[in-house]
Amino acid sequence: MLQKPKSVKLRALRSPRKFGVAGRSCQEVLRKGCLRFQLPERGSRLCLYEDGTELTEDYFPSVPDNAELVLLTSGQAWQGWFRHVAQDSLTILGSSCPPTLAS
């Protein structure tokens with residue numbers, strides 16, 4: 001029995017653009033995403049945008065429709081949206097806070 005295609009929202013790590021992609025498997029979504037973003041398929045992988053969980057073929061069926069995914073190429077890492085925002089906030093706060101005096 002053929003699985004119904006799953007629709008996801010896909011973004012590349014260093015791209016502000018996001019595309020809708022549908023596929024019956026993790027590999028199919030990865031292939032289409034690499035074509036769309038003009039990235040090499042070899043060494044690329046998909047992660048959940050929310051928490052950085054790496055997708056596998058076994059995990060793919062449990063991903064909800066319209067989930068946001070990040071397409072990573074070799075050497076790239078994504079630890080999730082929340083962690084990304086928290087790190088950016090700490091960087092901004094750290095640069096705007098006056099230095100503390102050591103006693």
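Modeller: The buried residues of H1 are covered by, among others, strand E1 (6-12), strand E2 (18-23), E3 and E4. This is a predicted model, so the confidence comes up below. The buried set in H1 is Cys 26, Val 29, Leu 30, Gly 33, Cys 34 and Phe 37. Viewed down the helix axis, these residues fall within an arc of 135°, so they line one face of H1.

The length of H1 can be checked. At 1.5 Å a residue, its 12 residues should span 16 Å. The end C-alpha atoms are 16 Å apart, which agrees.

How far can this part be trusted? In the protein chain, confidence is highest in H1, at 97. It is lowest in helix H2 (residues 81-96), at a mean of 52. The chain as a whole averages a pLDDT of 84, and 76% of the residues score at least 70. Over residues 99-103, pLDDT stays under 50. For that stretch the model has 0 contacts beyond four places in sequence.

Gln 38 follows H1, and its phi is positive, near 55°. Gln 38 is a residue other than glycine. Most residues other than glycine have a negative phi. Gln 38 sits in the loop between helix H1 (26-37) and strand E3 (45-48). Gln 38 is exposed, because its relative accessible area of 72% is over 50%.

Asn 66 belongs to the loop between E3 and strand E4 (67-72). Asn 66 is partly exposed, with a relative accessible area of 46%.

Next, the sheet. Its 4 strands form an open sheet in the order E2-E1-E4-E3, with mixed pairing. E2 and E3 stand at the edges with a single partner strand each, so one side of each has no neighbour in the sheet. From one strand to the next, the twist averages 40°. H1 packs on this sheet and touches E1, E2, E3 and E4. The direction of H1 makes about 145° with that of E2.

Take the E1 and E2 pair. These strands form a hairpin, with 5 residues between them. They pair in the antiparallel sense over 6 bridges. Lys 6 stands opposite Gly 23 in E2. Val 8 has Val 21 of E2 as its bridge partner. Lys 9 stands opposite Gly 20 in E2.

E1 is mostly covered, with 5 of its 7 residues buried. Along E2 the side chains alternate. Phe 19, Val 21 and Gly 23 point to one face and are buried.

E1 and E4 run parallel and are joined by 5 bridges. Arg 11 stands opposite Val 70 in E4.

Val 70 is buried, because its relative accessible area of 1% is under 20%. The C-alpha atoms of Val 70 and Leu 10 are separated by 5.9 Å, although these residues are 60 residues apart along the chain. Leaving out residues up to four places away in sequence, Val 70 touches Leu 10, Arg 11, Leu 13, Arg 45, Leu 46, Cys 47, Tyr 49 and Trp 78.

To return to the helix: the buried residues of H1 line one face, and H1 packs on the sheet, touching E1, E2, E3 and E4.

How values were computed. Residues numbered from 1 in each chain as written. Predicted model: local features only at pLDDT ≥ 70, side-chain atom pairs only at ≥ 80, totals over all residues. Heavy atoms only, no water. Helix = DSSP H or I, 4+ residues; strand = E, 2+ residues; numbered from the N terminus. Buried < 20%, exposed > 50% of the residue type's maximum accessible area, 1.4 Å probe, protein only. Expected span 1.5 Å × (residues − 1). Arc of directions from axis to C-beta. Contact = heavy atoms within 4.5 Å. pLDDT = per-residue confidence, 0-100. Pairing = 2+ DSSP bridges. Axes fitted to C-alpha atoms, helices over the stretch in contact; angles between N-to-C directions.
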